[in-house]
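The sequence and the model are shown first, and the main points follow by topic.

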Amino acid sequence: MKNYIAFVFDASWNTLKGLWVTLKVLFLPSITVQYPTEKIVPYARFRGMLAYDAEACIACGMCVRACPSKCIALAKAAPAPVSAPVEGQPAAPAAKPKIEWYTIDYGRCNFCGLCEESCPTKPKKALWHSLDYEAIFSTRAEMVRRWKRGDDLWGTARKTADGQLAPITDQIHIQSVPVRK
Ligand code: SF4
Ligand code: SF4
């Protein structure tokens, strides 16, 4: 009888200890999010999908040389014609080179960040890792993003059956998703 009472007491005590742990966390804020309508925004130094701004790019090719995976390619636009100097006026500064097209093959990218580090454009960066960690690829060809002047930060890809370049409409912009603080 004595052993039985000790057993019941021990089991009850352990049950109460478990319930106390549950009670302690019951009213704390939840750490789970309602994915995909709600997402956790990564830290500022997170290396997400590369975004590219063709207007800020000066077609220097530093990112191409820095990339260890050889996944960046570009073509410079033809230089603008230089107007003849006007007598008595300072010569117009040479126009910065512009890009004709620019591509990144995400199938080969290892998100090392060396291209962003090597990009000399300041204060507005031409190439940087965004905070976006989601991308949808259905085919190998879709992994090659291509930009030209006038495209948005996500560029275009061959998403249609006929292989035509189409804007990226299914890229989820993490910054525009409700954030759980
Ligand atoms: S993150 Fe690294 S691997 Fe990817 S494009 Fe930039 S340099 Fe190349
Ligand atoms: S993205 Fe930056 S490093 Fe690459 S070509 Fe343009 S300006 Fe140069």
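This is a predicted model: local features need pLDDT of at least 70, side-chain atom pairs count only at pLDDT 80 or more; totals for chains, interfaces and linings use all residues.

**Salt bridges and surroundings**

Lys148 and Asp151 form a salt bridge in which the closest N and O atoms are 3.8 Å apart. In total, the structure holds four salt bridges.

**Further salt bridges**

- Asp53 and Lys124 meet through their side chains in a salt bridge, with an N to O distance of 2.9 Å. Asp53 sits in the loop between β1 (50-52) and α2, and Lys124 in the loop between α3 and β4, so this pair ties together parts that are 71 residues apart in sequence.
- Because Arg149 lies in the loop between β5 (144-147) and β6 (156-158) and Glu55 in the loop between β1 and α2, the pair ties together parts that are 94 residues apart in sequence.
- Arg149 is partly exposed, with a relative accessible area of 40%. Glu55 is partly exposed as well, and its relative accessible area is 40%.

**Ligand surroundings**

- Around ligand 1 there are 13 residues, of which Cys67, Cys109, Cys112, Gly113 and Cys115 come nearest. This shell consists of nine nonpolar, four polar and no charged residues.
- Cys67, one of the residues nearest to ligand 1, is buried, with a relative accessibility of 7%.
- Ligand 2 is surrounded by 15 residues, and the closest are Cys57, Cys60, Gly61, Cys63 and Cys119. The shell of ligand 2 has 13 nonpolar residues, two polar residues and no charged residues.
- A disulfide is a covalent bond between the sulfur atoms of two cysteines. The structure holds zero disulfides.

**Backbone features**

- Most residues other than glycine have a negative phi, and most peptide bonds are trans.
- Lys70 is not a glycine, yet its phi is positive, at about 55°. Lys70 lies in the loop between α2 (62-66) and β2 (72-76) and is exposed, with a relative accessible area of 57%.
- Phe111 also has a positive phi of about 55° without being a glycine. Phe111 belongs to the loop between β3 (99-105) and α3, and it counts as partly exposed at 26% relative accessibility.
- The peptide bond that joins Lys122 and Pro123 is cis, with omega at about -5°. Pro123 is found in the loop between α3 (114-118) and β4 (127-129).

**Nonpolar surface patch**

- Met1, Tyr4, Ile5, Phe7 and Val8 form a nonpolar patch on the surface, and together they have about 610 Å² of accessible area.
- Ile5, a member of this patch, is found in helix α1, which covers residues 2-26. Ile5 is exposed, with a relative accessible area of 51%.

Conventions: Residues are numbered from 1 along each chain as its sequence is written. Chains are lettered from A and ligands numbered from 1 in the order in which they are written. Side-chain values use heavy atoms; hydrogens and water are left out. A residue is near a molecule or strand if one of its heavy atoms lies within 4 Å of it. Ala, Val, Leu, Ile, Met, Phe, Trp, Tyr, Cys and Pro count as nonpolar, Asp, Glu, Lys and Arg as charged, and the others, Gly among them, as polar. A disulfide is a pair of cysteine sulfur atoms within 2.5 Å. Buried means under 20% relative accessible area, exposed over 50%, partly exposed in between (1.4 Å probe, protein chains only). Patches are made of residues with over 30% relative accessible area and no salt bridge: like charges are joined within 9 Å, nonpolar side chains (Val, Leu, Ile, Met, Phe, Trp, Tyr) within 5 Å. Accessible areas come from the Shrake-Rupley method with a 1.4 Å probe; for residues, only the protein chains shown count as cover. Helices (H or I, at least four residues) and strands (E, at least two) are DSSP runs, numbered from the N terminus.
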